[in-house]
Amino acid sequence: MTIGIMGAMVEEIEPILEYYKEYEIVEYASNKFFIVQNEDKKLVIAYSKIGKVFASITAVTMIEKFGSEKILFSGVAGAINEQLKIGDLIVATKLCQHDVDITAFGHPFGYIPEGKVFIEADKGLIEIAKNVSSDLNIELKDGVIATGDQFIADSAKKEWIKNNFHADALEMEGASVAVVCDSLNIPFLILRAISDSADMDASFSFDEFLKTSAKVSAEFIISMVKKL
Ligand code: ADE
């Protein structure tokens, strides 16, 4: 089985590469793909660069060029739900694009004609993630993740995303990976550890906790791979 494992930033995949140690590097589409042969599984690991467009390119490449049959995304997110604290893990049940706005034509926020506001993640992969969390005694929350091409560092904007999409966390790639995988019929899972609260302190908090939170998420993904 071939599994794509992606992050947006190098810090989000570094702990995974350090764990597997040996990999082949294939350069494609202005990016590097790290190929690991792990017993009977082939892992295709990459960071996309930040944002929906780069994440889409990487997800498509993992599927169409490298034959990934599942995609796991590992990284950090800003918390919307007040129960989510720095380092907490959240797996997306469904994802939306909070920055899509063609409301001028009478559509709801986040809606593109012939698309959907919310895309559901794969229930089987979420179930495996829940089993891993109970086996390891690590708390794993689930909820709605909202994605947009903006780093949110503003409480009013965060409230707006919360009210419009009932989102629990926000980041900049998940929903685009969801659109790609939904279109190509590839099961996917988006896992994030909290790095900040998307408020006025978000950029400082992000810089402080990016590495540690990314590691929390990456280590969970490594445990998940063993169950696939
Ligand atoms: N990823 C982590 N924190 C974020 C934030 N505040 N806004 C967007 N993406 C993020």
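Strand 5, strand 9 and strand 10 each supply at least two residues of the lining of the largest pocket (strands are DSSP E runs of at least two residues, numbered from the N terminus). A pocket is an open set of points on a 1 Å grid over the protein atoms alone where a 1.4 Å probe fits, with protein on both sides within 12 Å along at least five of seven lines; lining residues have an atom within 4 Å of a point. The model is predicted: local features need pLDDT of at least 70 and side-chain atom pairs pLDDT 80 or more, while totals for chains, interfaces and linings use all residues. Residues are numbered from 1 along each chain as its sequence is written, and side-chain values use heavy atoms, without hydrogens and water.

**Largest pocket**
- The ligand takes up the space of the largest pocket (more than half of its atoms lie within 2 Å of the grid points).
- Among the 19 lining residues, V76, F151, E171, M172 and F206 lie nearest the centre of this pocket.

**Ligand shell**
- The ligand is surrounded by 13 residues (a heavy atom within 4 Å), and the closest are G78, I152, L170, M172 and D196.
- Strand 5 gives the most to this shell, with 3 residues.

**Polar atoms at the ligand**
- A polar side-chain atom of D196 is 2.6 Å from a ligand nitrogen atom.

**Second largest pocket**
- Its lining has 15 residues, with Q97, G115, K116, I119 and V179 nearest the centre.

Methods: Polar contact = N/O pair within 3.5 Å; in protein donor to acceptor, adjacent residues only side chain to side chain. Helix = DSSP H or I, 4+ residues; strand = E, 2+ residues; numbered from the N terminus.
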